[in-house]
Amino acid sequence: TIRMRSLIKNEMETARIIHNMAKLLRSSLTWTKDRVTVQEELEFIHCFLEIQQYRFGERLTYRLEVDPAAREVVIPKMVFLPFVENASIHGIEPMKEGGEIDIAIRLGFNYLEFSIRDNGVGMQPEQVARFYGYLKDEAVELGERIGVQNVIYRLKMLYGDEFRLLIDSAPRKGTYIRITLPLRNESADSVEPLS
């Protein structure tokens, strides 16, 4: 309704942002499948980043570099988006001058690599240690949240020791995170379309 009213008033930018918000909300509320293609995950990331750019204007710039062959790889749903949210909300948002987010998704011989770099406020050593601690936790309780902690637990459950996480961050130095997932014999054809 809000989007249609915006279109009627010729407020195209507002209509586009409302559309993106609805798409993200629908995706998080209707969890009809656990697997998506990288392309589908990228659509969520685009929606989120466009909303953030609407909020921050020129204070936020972002770049996406995606290996075309990686787009059809099947991954667990919403495993990359929470890292993009963290970079934007915790890394860039506190900075008056804003910042940049660079995202890359590459396909290796038998792995998929997702990396994200921001030039934001960075993390304290204890925050980095807490993320690594999630890898060691044996008592895994997946709450209703879709945050970084939940993502790490999910990836640990699904991939065990085959999943890799690298975090390089320091205060006022920004953050670099790399996730490496093993390739599985799943095809995009076996994934149901998002509703």
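Biologist: Which residue in S7 is the bridge partner of Asp118?

Modeller: Thr175 is the bridge partner of Asp118 in S7. This is a predicted model, in which local features need pLDDT of at least 70 and side-chain atom pairs count only at pLDDT 80 or more, while totals for chains, interfaces and linings use all residues. Residues are numbered from 1 along each chain as its sequence is written, and side-chain values use heavy atoms, with hydrogens and water left out.

Biologist: How do strands S5 and S7 pair?

Modeller: Strands of a sheet pair through backbone hydrogen bonds, either parallel or antiparallel. Here S5 (residues 111-118) and S7 (residues 175-182) pair in the antiparallel sense over 8 bridges. Two strands pair if DSSP finds at least two bridges between them; strands (E, at least two residues) and helices (H or I, at least four) are DSSP runs, numbered from the N terminus. Arg117 has Tyr176 as its bridge partner in S7, and Asp102 stands opposite Arg117 in S5.

Biologist: What joins S4 to S5?

Modeller: A hairpin does, through 3 residues. S4 and S5 pair in the antiparallel sense over 7 bridges.

Biologist: What is the order of the strands in the sheet?

Modeller: The open sheet of 5 strands runs S2-S4-S5-S7-S6, with mixed pairing. S2 (60-66) and S6 (164-169) are at the edges with a single partner strand each, so one side of each has no neighbour in the sheet. Of the 8 residues of S5, 6 are buried, where buried means under 20% relative accessible area with a 1.4 Å probe, protein chains only.

Biologist: How far apart are the end C-alpha atoms of helix H3?

Modeller: They are 26 Å apart, which agrees with the 27 Å that 19 residues (38-56) should span at 1.5 Å a residue; the expected span is 1.5 Å times one less than the number of residues. Just after H3, Gly57 takes a positive phi of about 60°.

Biologist: At what angle do the axes of H3 and H4 cross?

Modeller: Two packed helices are described by the angle between their axes and the distance between the axes. The axes of H3 and H4 cross at roughly 15° and come within 10 Å. Axes are lines fitted to C-alpha atoms, for helices over the stretch in contact, and angles run from 0 to 180 degrees between N-to-C directions. H3 and H4 are therefore roughly parallel to each other, a term for angles under 35 degrees.

Biologist: Which residues of H4 do those of H3 meet?

Modeller: Residues of H3, including Phe44, Phe48 and Phe56, meet Leu81, Val84, Glu85, Ser88 and Ile89 in H4; contact means heavy atoms within 4.5 Å.

Notes
Parallel < 35°, antiparallel > 145°, perpendicular 65-115°, else oblique. Buried < 20%, exposed > 50% of the residue type's maximum accessible area, 1.4 Å probe, protein only.
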